Amino acid sequence: MEFDEVQTQADFVEFVSTLRTQLATGDEIWENSDLPGFLEAMQAWVSDSGFAVISNPWRHVADVMAAARVYE
């Protein structure tokens with residue numbers, strides 16, 4: 001599942017499962033593949049992006065997590 005498909009809690013759970021699979025199998029390029037790097041990228045992206053809060057909280061968190069995978 002892609003981040004832009006997340007609409008519900010169940011979708012978010014599926015999205016996180018997809019992220020875990022991608023990370024474990026190398027299916028997707030992760031610039032920030034360890035927890036400290038991922039959290040640092042998440043913090044930096046939220047701080048730098050000026051990204052408006054999406055009214056759907058599940059989609060919003062999915063967007064932030066998707067960005068943190070690759071943000072440098």
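How much accessible surface does the chain have, and what share of it belongs to carbon and sulfur atoms? The accessible surface comes to about 4,700 Å², and 54% of that belongs to carbon and sulfur atoms. Keep in mind that this is a predicted model.

**Stop 1: the whole chain**

Show the chain as a cartoon. From the N terminus on, the order is α-α-α. The radius of gyration is 12 Å, close to the 11 Å that the globule rule gives for 72 residues, so the chain is as compact as a globular protein of that length. Along the principal axes, the C-alpha atoms fill a box of roughly 30 × 25 × 15 Å. Of the 72 residues, 33% count as buried.

Now think about contacts. Take those with a separation of 6 or more: 58% of them come from residues 24 or more positions apart.

**Stop 2: the nonpolar core**

Select V6, F12, F15, L19, W30, F38, A41, A62, M65, A66 and A68. These 11 residues make up the largest nonpolar core. Colour the helices next. Helix 1, helix 2 (35–49) and helix 3 each supply at least two residues of this core. Which helix gives the most? Helix 3 does, with 4 residues.

**Stop 3: F12 and W58**

The chain has 3 aromatic pairs. Select F12 and W58 to see one of them. Their ring centres are 5.6 Å apart and their planes meet at 40°, which falls between the 30 and 60 degree cut-offs, so the pair is tilted. F12 sits in helix 1 (residues 9–25) and W58 in helix 3 (residues 57–70). The two are 46 residues apart, so this pair links distant parts of the chain.

Is F12 buried or exposed? F12 is buried, at 14% relative accessibility. W58 is partly exposed, at 33%.

Stay on F12 and show what surrounds it. Leaving out residues up to four places away in sequence, F12 touches V6, W58, V61, A62 and M65.

**Stop 4: W45 and F51**

Select W45 and F51 for another aromatic pair. This one is tilted too, with 5.1 Å centre to centre and 50° between the planes. W45 is buried, at 15% relative accessibility. F51 is partly exposed, with a relative accessible area of 33%.

**Stop 5: D63**

Finish in helix 3, where you will find D63. Its relative accessibility is 6%, under the 20% cut-off, so D63 counts as buried. What does D63 contact, beyond its neighbours within four places in sequence? The answer is F3, F51 and I54.

Terms used. Residues are numbered from 1 along each chain as its sequence is written. This is a predicted model: local features need pLDDT of at least 70, side-chain atom pairs count only at pLDDT 80 or more; totals for chains, interfaces and linings use all residues. Side-chain values use heavy atoms; hydrogens and water are left out. Rings of Phe, Tyr and Trp (its six-membered ring) pair if their centres lie within 6.5 Å; planes under 30 degrees apart count as stacked, over 60 as edge-to-face and the rest as tilted. Buried means under 20% relative accessible area, exposed over 50%, partly exposed in between (1.4 Å probe, protein chains only). A nonpolar core is a set of buried Ala, Val, Leu, Ile, Met, Phe, Trp, Tyr and Cys residues joined through side-chain atoms within 4.5 Å. Contact means heavy atoms within 4.5 Å. The radius of gyration is taken over C-alpha atoms; the globule rule is 2.2 Å times the number of residues to the power 0.38. Accessible areas come from the Shrake-Rupley method with a 1.4 Å probe; for residues, only the protein chains shown count as cover.
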